[in-house]
Amino acid sequence: MKKTVFAIAGLALVAAGSAQADQALATQSGCMACHQVDAKVVGPAYKEVAAKYKGQEGAVDMLTQKTIAGGVGNWGQVPMPPKGGRADVSDEDIKTIVEWIMTL
């Protein structure tokens, strides 16, 4: 029983550490300049994005591609530049950030 409790606690700590690392990646990649977790800034709050696409099959891949390509009209008329205006952010990092957003 104690081993199970410790294993669950360990997994929770790993998940929390991973979420912090993914939020740090979003910050480092410049995403947090226009987005925040709980509040709309220039773009929508990440929790709003997660709620809008929750349960939709293929949402991570679709949002990853939309972030890579950029666009306008999904959340108003303020354009999202391709890769958030940061060509140096890898497609893999964008997918990691989108996967984190969808956990919120």
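What share of the 104 residues in the protein is buried?

## Burial and surface

Buried residues, meaning those under 20% relative accessible area with a 1.4 Å probe and protein chains only, make up 24% of the 104 residues. The protein exposes about 6,800 Å², of which carbon and sulfur atoms supply 61%, the areas coming from the Shrake-Rupley method with a 1.4 Å probe.

## Basis of the model

This is a predicted model, in which local features need pLDDT of at least 70 and side-chain atom pairs count only at pLDDT 80 or more, while totals for chains, interfaces and linings use all residues. Residues are numbered from 1 along each chain as its sequence is written, and side-chain values use heavy atoms, with hydrogens and water left out.

## Fold

The protein has four helices and zero strands, and its elements run α-α-α-α from the N terminus on; helices are DSSP runs of H or I with at least four residues, and strands are runs of E with at least two. Among contacts (heavy atoms within 4.5 Å) with a separation of 6 or more, 48% are between residues 24 or more positions apart.

## Aromatic side chains

A search of the whole structure finds one aromatic pair, where pairing requires ring centres within 6.5 Å and planes over 60 degrees apart count as edge-to-face. The rings of Tyr-46 and Trp-100 have centres 5.7 Å apart and planes at 80°, so the pair is edge-to-face. Because Tyr-46 lies in helix α2 (residues 46–53) and Trp-100 in helix α4 (residues 91–101), the pair ties together parts that are 54 residues apart in sequence. Both Tyr-46 and Trp-100 are buried.

Lys-52 lies over the face of Trp-75, at 4.4 Å from the ring centre, under a criterion that places NZ of Lys within 6 Å of the ring centre and within 35 degrees of the ring normal.

Terms used
Buried < 20%, exposed > 50% of the residue type's maximum accessible area, 1.4 Å probe, protein only. Phe/Tyr/Trp six-rings, centres within 6.5 Å; stacked < 30°, edge-to-face > 60°.
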